Amino acid sequence: MTSTAPVFDVQRFSLHDGPGIRTLVFLKGCNLACPWCQNPESQSARPVVGFHSSRCLESFDCSSVCPDDAILRGGYRVDHDKCSRCGVCIDACANGALRLIGDEITIDELMMRITADRPYYDKSGGGVTFSGGEPTVHVDFLRRMLERCVSAGIHTNIETSGQFSWRTLESVLQLCDLIYFDLKILDPALHRQEMGGDLTEILDNASHLVSGRFPVEFRMPVVPGHTDTSGNIAAAAGLLQKLGRPSIHLLPYHNMGESKIDIIDGAQSKLGLSACSVDRLSDVSAEFNARGISVRHGLADSKI
């Protein structure tokens with residue numbers, strides 16, 4: 001069984017990813033490729049050395065110690081094809097321009113970090129939320145972490161796109177006190193074109209969760225020109241009515257994730273979109289309301 005998984009951030013005192021004060025665990029690796037991804041560093045499960053160019057003093061101490069000859073003198077600093085992610089260059093960088101994104105963390109180590117905030121969970125009704133990336137990519141690790149949290153009496157939540165094998169994940173999801181399920185694009189052809197993956201599997205999983213009385217809540221990132229079209233809103237509302245769950249949690253898009261593309265020298269294109277405005281969020285809410293769907297709003301701290 002898997003005893004480690006790549007984790008690229010553990011965010012304490014989160015207030016927007018489930019009830020109460022929570023610890024938000026970001027697992028690295030995703031099986032979709034949303035063009036508006038807020039955490040492009042999460043898409044690959046492979047750790048990567050990120051480069052913050054504004055911090056670089058160009059002393060090139062990193063180059064003198066790199067055993068892989070992976071330091072570039074112009075433009076982006078690291079040749080990912082040569083880099084073995086040994087971390088020597090990071091230790092040599094006095095100004096913190098280089099940083100390893102994605103540490104292989106053991107179950108015991110992560111539990112220690114989670115339980116350190118146990119008093120806050122107990123007082124606020126909080127707990128731990130597993131996000132990403134897509135946390136269900138790491139099935140064995142997720143199962144064992146959830147089992148440990150359940151044994152410790154810690155409230156558990158996951159944030160998922162719904163792109164997973166039901167046969168593999170059903171027993172894992174039974175360990176969750178809450179499941180945030182993100183609906184994005186509901187047109188099958190457009191879904192595959194924009195993000196890849198299999199919309200049919202996602203919709204089947206939504207149905208399985210509802211019919212099985214799992215504690216699932218549906219959300220949607222409001223991404224201008226992508227998820228906020230009238231056709232997509234109508235499709236999402238129709239699905240929720242069919243499922244007998246006439247409510248949705250809307251997450252307004254922000255564009256802060258685009259700056260991370262440069263840090264990892266990522267392949268994701270920049271959409272150049274403005275953040276979702278209050279007025280646009282209000283209009284989308286009104287469209288859902290007109291179709292009989294109640295709306296909650298929230299900040300999009302997690303990957304959408």
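Helices here are DSSP runs of H or I with at least four residues, strands are runs of E with at least two, and both are numbered from the N terminus. An axis is a line fitted to C-alpha atoms, for helices over the stretch in contact, and angles run from 0 to 180 degrees between N-to-C directions.

Before you click around: this is a predicted model, where local features need pLDDT of at least 70 and side-chain atom pairs count only at pLDDT 80 or more, while totals for chains, interfaces and linings use all residues. Residues are numbered from 1 along each chain as its sequence is written, and side-chain values use heavy atoms, with hydrogens and water left out.

**Stop 1: two helices**

Select residues 107-115, which is helix α3, and residues 139-151, which is helix α5. Their axes come within 11 Å and cross at roughly 40°. The crossing of α3 past α5 is right-handed, meaning the near helix is turned clockwise from the far one by less than a right angle.

Now show side chains. Which residues make the contact (heavy atoms within 4.5 Å)? From α3, pick Ile107, Asp108, Leu110, Met111 and Ile114; from α5, pick Phe141, Arg144, Met145, Arg148 and Cys149. Color them by type and you get seven nonpolar, no polar and three charged.

**Stop 2: the buried side of α3**

Stay on α3 and keep Ile107, Leu110, Met111 and Ile114: these are buried (under 20% relative accessible area, with a 1.4 Å probe and protein chains only). They cover an arc of only 100° around the axis, taken from the directions to the C-beta atoms, so they sit on the same side of α3. An α-helix has 3.6 residues a turn, so residues three or four places apart point the same way. What covers the buried residues of α3 includes β1 (4-14), β2 (22-27), β5 (103-106), α4 (118-124), β6 (127-131) and α5.

**Stop 3**

Most residues other than glycine have a negative phi, and most peptide bonds are trans. Jump to phenylalanine 13 in strand β1, where phi is near 60°, a positive value.

Next, select arginine 85, in the loop between α1 (61-65) and α2 (88-92). Phi of arginine 85 is near 60°, and this residue is partly exposed at 25%.

Last, find glycine 133 in the loop between β6 and α5. The peptide bond from glycine 132 to glycine 133 is cis, with omega near 15°.

Methods. Contact = heavy atoms within 4.5 Å. Nonpolar A, V, L, I, M, F, W, Y, C, P; charged D, E, K, R; others polar. Buried < 20%, exposed > 50% of the residue type's maximum accessible area, 1.4 Å probe, protein only.
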